[in-house]
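Subject: Structure handover

Hello,

Here is the structure you were expecting, with the sequence. My notes on what was found follow below it.

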Amino acid sequence: MSIHRTLRNIFFTAIIVLLSGCDTVVMSPSGDIAAQQANLIVWATILMLIVVVPVIALTLLFAWRYRSSNKDATYSPDWDHSTSLELVIWAAPLAIIIALGALTWVSTHQLDPYRPLDRISEGKPVPEGVEPLIVEVVAMDWKWLFFYPEQGIAVVNQLAAPVDRPIKFKITSTTMMNSFYIPALAGQIYAMGGMETQLHAVINEVGSYDGFSANYSGEGFSHMRFKFLGMREENFDEWVAKVKAEGDELSRPVYKVLEQPSEKNPVHYYSSVAPELYDAILNRCVDAGSVCMKDWMSPHHKNHDSSANPKARHEGHHEL
């Protein structure tokens with residue numbers, strides 16, 4: 001018995017040590033969207049366990065009861081059907097699938113990242129007249145650039161927002177695909193070059209939270225991290241003032257230097273931003289004289305290209 005007790009104690013000690021390193025932020029987040037997503041995980045798990053737990057228990061029970069040494073167990077080699085058993089076997093999973101389907105359908109629409117928020121937290125709707133804070137996110141190699149168009153500032157590898165105020169993220173990438181993820185705030189959203197994804201979220205508690213890329217994107221991927229600061233409104237205003245006081249100018253030439261691949265970039269502030277720089281990054285036309293993607297198919301651009309190159313107009317199918 002002493003050996004068994006010792007082995008048991010070692011086993012449970014190992015489990016406790018391993019679990020002590022786990023970060024449970026996904027299941028206990030500080031943002032309402034992430035909290036709703038955590039609740040969805042819990043309810044989906046409970047519904048699935050309704051089948052899983054009885055199956056495991058019955059498997060162990062049958063293995064014990066119908067072991068070869070138990071001569072009292074009923075032996076029925078010709079038994080092959082039971083209407084009652086079939087009803088239980090098929091009805092329970094069907095009911096669970098229906099419940100999971102309904103839960104998923106409702107949650108998919110409620111937690112659509114493109115859908116503006118209608119509440120700050122449970123039982124607390126968005127106050128009338130409150131507009132979301134706009135943050136434009138650019139995933140770079142291998143750092144994050146955040147634009148605040150309303151404040152006219154930009155920051156590398158640091159993000160801040162007031163608590164209990166909706167945030168609208170507009171997300172893109174300079175080159176390869178990344179994934180914008182703040183576990184305490186909301187689920188991950190992909191950042192893709194030449195495309196814009198969106199995320200609506202809110203942070204409900206003051207604090208500093210980890211953000212990172214959850215999609216492998218090359219050599220510097222593991223260092224592509226930043227801090228998300230949840231602040232009171234007055235502290236956020238002070239942070240904006242600090243960025244404006246300590247920051248540099250983010251012109252297009254400066255951005256072209258920043259765009260070059262680099263790792264472990266420190267936080268850097270920009271007190272002013274070149275006009276429509278985020279839009280130029282999104283449409284891949286930062287360089288002077290380049291045509292933006294949004295203008296490629298415009299009637300004016302097509303007519304200009306055709307008139308400038310008559311051969312392409314008549315023989316374009318050969319060039320394709």
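To start with one side chain: a polar atom of the Ser-173 side chain lies 3.4 Å from the backbone oxygen of Ala-139. Please keep in mind that this is a predicted model. The Ser-173 side chain also reaches the backbone nitrogen of Thr-175, at 3.4 Å.

Ser-173 belongs to strand 7, which covers residues 167–173. Ser-173 counts as buried because its relative accessibility is 1%, and the cut-off for buried is under 20%. Leaving aside residues up to four places away in sequence, Ser-173 touches Ala-139, Asn-178, Ala-191, Met-192, Gly-193, Gly-194 and Arg-284.

Five strands form an open sheet in the order 6-12-11-8-9, and the pairing is mixed. At its edges are strand 6 (158–162) and strand 9 (186–191), each of which pairs on one side only. From one strand to the next, the twist averages 20°.

Helix 4, residues 233–246, packs on this sheet and touches strand 6 and strand 12. The direction of helix 4 makes about 140° with that of strand 6.

Within the sheet, strand 11 (residues 207–213) and strand 12 (residues 225–231) run antiparallel and are joined by six bridges. If you want a place to look at this pair, Ser-208 stands opposite Leu-229 in strand 12.

Regards

Methods:
Residues numbered from 1 in each chain as written. Predicted model: local features only at pLDDT ≥ 70, side-chain atom pairs only at ≥ 80, totals over all residues. Heavy atoms only, no water. Pairing = 2+ DSSP bridges. Helix = DSSP H or I, 4+ residues; strand = E, 2+ residues; numbered from the N terminus. Axes fitted to C-alpha atoms, helices over the stretch in contact; angles between N-to-C directions. Contact = heavy atoms within 4.5 Å. Buried < 20%, exposed > 50% of the residue type's maximum accessible area, 1.4 Å probe, protein only. Polar contact = N/O pair within 3.5 Å; in protein donor to acceptor, adjacent residues only side chain to side chain.
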